[in-house]
Each structure stands twice: as C-alpha cells, then as structure tokens.
Amino acid sequence: RSPLPTGPRYAGAWTGEQLVVVGRAGNVGHAAGYDPSADTWQLLDTAGIDLPAGIPALDVHWTGSRVVAVTTLPLGSGPTAAIFDPSTEEWWTSKPPGFGSRSAGTATLNGLVYLVSYSQFTDGTIALDPVVDSWSNRTSLGDLSCEGSPTVTAFRSSLFVESCNRAVIYEPAAGTFRRVAEQPGY
C-alpha cells in the first residue's frame, strides 16, 4: 500500500527500476518510489520540492537520468518544475523559465522536457534540460488560434502538438514546425 497521504494531485513516471510518484496533499509536496520487484514503497525526501497550491495540472516525466514534475497554473502564471536525481535521491525546484502559460502540455524527447502552450498570453514551446537546470528560449509554433490545453506527444525526433482540433509537428533539432492538414470531420 502506498505511504503517500490522500491527495487530489499525484502523478508518476517509470525510471526503469522504480515508479516515482509525486504530488501535493494539504500544503506539502510528497514523493515516493515503488519497486515492483520487491513490492515495496519508499518515501522520498521532498525538501527540495516546491509545488504550488491548487495544482490544476501535474505531469511527471523520466528523461533517462532525472524525474521531472511539471505544474502549470491558470491565468498566465509560469510553470514550476521539480527535478529528482535518483542517484543522489535529491529534489530541487528548477529556475523559473520566464514563460507564462494558461494551459500547457508536456512531453519528453531526447532527455529534455518540453512545455507547449497556446493561449492569449503566449504560445510556443520551451525545453528544460534537467541535468544542468536550464530552460531554452521560447520557439513559436505558429498560431493555432485557440486557448485549449494542447496534447503533446513525442515520437521519433519530433513533437506532435494538437490543440482545438488543429495540429503541428515540431522538429526541435531543426527548430521548424509544420501544420498538419485537418481531416474532414476532425
């Protein structure tokens, strides 16, 4: 049974060895690791986690070396990222990216966590390199003319971004994007 307190916002990522679950209950960030081979849970020290109150969205990613928990807040507030290094069992909160988002989607590609947003405040994508705790500059993905929460999926070397029944494919290495033709009835 999980040792985490009951809370409305928990999400997890598989590291290849354990499931790391992160969230907030009450006014405190919590995390635990589950080892399925031993069927055991271990509470993780959360001294470095600074998850905001009232988390509307929490995505947790494994980048190949770090677990990254990304939260987004409504009404143009910027995202927060908590980073966990399993080798040291330490958490820290990433530097602010300087990128507001009303709604955002996230995905992991090539060791980076991408945050994609479309809103009246800003649109585009930024990437977090959790090893050096550095955010990239914002790249615009063109106007999708909507304020919906994007769905972001990493595949091969690209990100597929869909929002409000419109989609783009973003190629981070080239810094290019292209619109996907709308399908009838889509």
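Leaving aside neighbours within four places in sequence, which residues is His61 in contact with? The answer comes below, in a tour of this predicted model.

## The chain at a glance

Let's start with the overall picture. The secondary structure of the protein chain comes to 16 strands and zero helices. The chain has 186 residues, and buried residues make up 46% of them. Take the contacts between residues at least 6 apart in sequence: 40% of these join residues at least 24 apart.

## His61 and its surroundings

Back to the opening question. Once neighbours within four places in sequence are set aside, His61 is in contact with Ala13, Arg66, Val67, Val68, Thr106, Ala107, Thr108 and Val113. His61 has its place in strand β5.

Why is His61 classed as buried? Its relative accessible area is 12%, and buried means under 20%. The side chain of His61 also makes a polar contact of 2.9 Å with the side chain of Thr108, one of the residues in the contact list above.

## The salt bridge

How many salt bridges does a search of the whole structure find? The search finds one. In it, the side chains of Arg66 and Asp85 meet at 3.6 Å, N to O. The pair links distant parts of the chain, 19 residues apart: Arg66 sits in the loop between β5 (57-62) and β6 (67-72), while Asp85 belongs to strand β7 (residues 80-85). Both Arg66 and Asp85 are buried.

Side chains of opposite charge can pair when their charged atoms come close.

## Asp133, buried without a salt bridge

Asp133 is found in the loop between β11 (123-129) and β12 (134-135). Asp133 is buried yet has no salt bridge. Lys95 is the nearest side chain of opposite charge, 5.0 Å away, and a salt bridge needs the nitrogen within 4 Å of a carboxyl oxygen.

What does the side chain of Asp133 reach instead? A polar contact of 2.6 Å joins it to the side chain of Ser94. The Asp133 side chain also reaches the backbone nitrogen of Lys95 at 3.4 Å. Beyond its neighbours within four places in sequence, Asp133 is in contact with Ile83, Trp92, Thr93, Ser94, Lys95 and Leu128.

Strands β2 (residues 19-25) and β3 (residues 28-35) pair in the antiparallel sense, over seven bridges. Here Leu19 stands opposite Tyr34 in β3. The hairpin of β2 and β3 has two residues between the strands, and Gly26 takes a positive phi near 65° in this hairpin.

Strand β3 is also joined to β4 (residues 40-43), running antiparallel, by four bridges. Gly33 stands opposite Gln42 in β4. β3 and β4 form a hairpin with four residues between them, and Asp39 in the turn has a positive phi of about 55°.

## A four-stranded open sheet

Further along is an open sheet of four strands in the order β13-β14-β15-β16, with antiparallel pairing. Which strands are at the edges? They are β13 (151-155) and β16 (176-180), each of which pairs on one side only. On average, neighbouring strands of this sheet are turned by 20° against each other, direction ignored.

Five bridges join β13 to β14 (residues 158-163), and these strands run antiparallel. Within this pairing, Ala154 has Leu159 in β14 as its bridge partner.

Definitions and conventions
Residues numbered from 1 in each chain as written. Predicted model: local features only at pLDDT ≥ 70, side-chain atom pairs only at ≥ 80, totals over all residues. Heavy atoms only, no water. Buried < 20%, exposed > 50% of the residue type's maximum accessible area, 1.4 Å probe, protein only. Lys, Arg positive; Asp, Glu negative; His and termini not counted. Polar contact = N/O pair within 3.5 Å; in protein donor to acceptor, adjacent residues only side chain to side chain. Contact = heavy atoms within 4.5 Å. Pairing = 2+ DSSP bridges. Axes fitted to C-alpha atoms, helices over the stretch in contact; angles between N-to-C directions.
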